[in-house]
Amino acid sequence: MWKREQKQSVGNQCLVSNRTLNTWKEAMPMDDEAGSELTSADAEQNSEPMSEEMLRNAYHLSRLRSSSVEIREKGSERLKEELAKAQRELKLKDEECEKLSKVREQLEQELEELTASLFEEAHKMVREANTKQATAEKKLKEAQGKIDVLLAEVTALKTLVITSTPSSPNRELHPQLQIPSKAVFKKGHGRNKSMSNAIVTATTQNSQLQPINKDGREINLILYDEFLAWKEEPTLDKVCPFLERIYQEDIGPCLSFAKHELTEAVQAAVESNTLSIEPAVVQALPVVKASAIECGGPKKCALSGLSRTCKHRIKLGDSGSYFYISPSCRSRITAVCNFLTYIRYIQQGLVRQDVEQMYWEVMKLRKEMSVAKLGYYTEEL
């Protein structure tokens with residue numbers, strides 16, 4: 001009887017444990033095949049009467065399962081604690097990141113301000129440097145202009161030296177040296193001075209009333225267009241049409257002499273503005289040196305080779321040799337030098353005239369070269 005009651009109490013406990021187990025299985029389903037086998041075994045045990053050993057096993061199994069539930073609960077609590085700790089640490093790190101981001105933003109702002117100030121200072125320095133450079137360039141241009149003016153004055157003085165010297169002054173440049181024309185009267189009685197003065201006055205008035213012949217002129221459009229094109233960009237290059245024509249028609253023939261080697265040297269010296277002309281000093285030497293014969297002499301022109309009275313001599317650059325030249329050769333050289341000097345003045349911007357006046361001055365100088373190349377020259381008294 002007692003055994004029966006004991007078996008019934010054990011069975012009741014098994015039923016309670018089975019129900020608890022089933023409830024726990026519903027809450028915590030098994031994932032492996034052993035759990036499914038145990039479930040099927042429990043179902044069979046529910047359907048069949050259980051033995052004592054099986055009940056013990058079920059009891060132990062229920063205790064194991066309850067202990068595993070406790071372990072899981074403790075594990076979940078521990079995980080929750082670790083999660084809360086991790087969340088707290090993450091929150092602290094977020095706060096630290098926010099602080100660092102604020103510091104970074106502040107540093108970036110300071111860096112931008114510093115960069116802006118540096119750029120502003122750099123632009124200011126560049127502006128000051130540009131202003132100083134512009135001022136220096138302006139002063140340099142002014143200095144160069146003054147130098148060009150001085151060089152032009154020196155060139156003009158050289159030209160005056162070429163065309164006029166104290167020993168043989170050019171009377172065209174010095175009108176005060178010209179000999180006044182004397183009134184020529186026929187032989188006769190001059191008893192009344194007032195009558196003679198009246199005759200002279202009447203003659204002077206008649207000469208003043210006579211019509212004066214004036215040379216007419218008309219612009220050659222081809223030459224004028226070539227001069228205008230050259231005037232836009234003045235140059236001494238022979239390739240431009242304006243100077244090429246003048247070299248072919250005037251300068252080349254004007255500087256073409258019988259002595260070809262000396263002719264080339266004279267042309268180069270004239271173009272480089274290194275030729276000088278001076279009056280020949282007559283020296284009474286008993287014997288003429290060989291070098292003097294090669295360079296001509298007071299009675300022989302070194303350029304033409306003809307026997308002429310040479311009142312001037314030329315010097316090419318820094319060479320120590322002098323060459324005696326005839327008046328015709330001197331006139332041809334000076335005509336070309338006058339033309340090239342005027343062209344240089346235009347190129348340097350020293351001529352303050354309008355274009356048409358410049359053109360006619362060029363034509364006048366070309367006319368002088370044309371007359372000189374034909375052999376005409378002004379005889380000095």
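Trainee: In which helix is S331 found?

Mentor: The model is a predicted one. Within this model, S331 belongs to the helix spanning residues 327–347, which is α9.

Trainee: Does S331 count as buried or exposed?

Mentor: Relative accessibility decides the matter, and a residue under 20% is classed as buried. S331 has a value of 15%, so this residue counts as buried.

Trainee: Which residues does S331 touch, leaving aside those up to four places away in sequence?

Mentor: Residues up to four places away in sequence are not counted here. With those set aside, the residues touched by S331 are A372, Y376 and Y377.

Trainee: How are helix α6 and helix α10 oriented to each other?

Mentor: Helix α6 covers residues 241–254 and helix α10 covers residues 355–373; their axes come within 8 Å and cross at roughly 30°. Angles under 35 degrees fall in the parallel class, so α6 is roughly parallel to α10.

Trainee: Which residues of α10 meet α6?

Mentor: On the α6 side, the contact involves F242, R245, I246, E249, D250, I251, P253 and C254. By class, the contact has eight nonpolar, one polar and five charged residues. The α10 partners are V362, R366, M369, S370, A372 and K373.

Trainee: How many contacts beyond near neighbours in sequence does the stretch 202–209 have in the model?

Mentor: The chain has a mean pLDDT of 76, with 67% of its residues at 70 or more. Residues 27–35 stay under 50 and have three contacts beyond four places in sequence. Over residues 202–209 the pLDDT is also below 50, and the number of such contacts is zero.

Definitions and conventions:
Residues numbered from 1 in each chain as written. Predicted model: local features only at pLDDT ≥ 70, side-chain atom pairs only at ≥ 80, totals over all residues. Heavy atoms only, no water. Axes fitted to C-alpha atoms, helices over the stretch in contact; angles between N-to-C directions. Helix = DSSP H or I, 4+ residues; strand = E, 2+ residues; numbered from the N terminus. Parallel < 35°, antiparallel > 145°, perpendicular 65-115°, else oblique. Contact = heavy atoms within 4.5 Å. Nonpolar A, V, L, I, M, F, W, Y, C, P; charged D, E, K, R; others polar. pLDDT = per-residue confidence, 0-100. Buried < 20%, exposed > 50% of the residue type's maximum accessible area, 1.4 Å probe, protein only.
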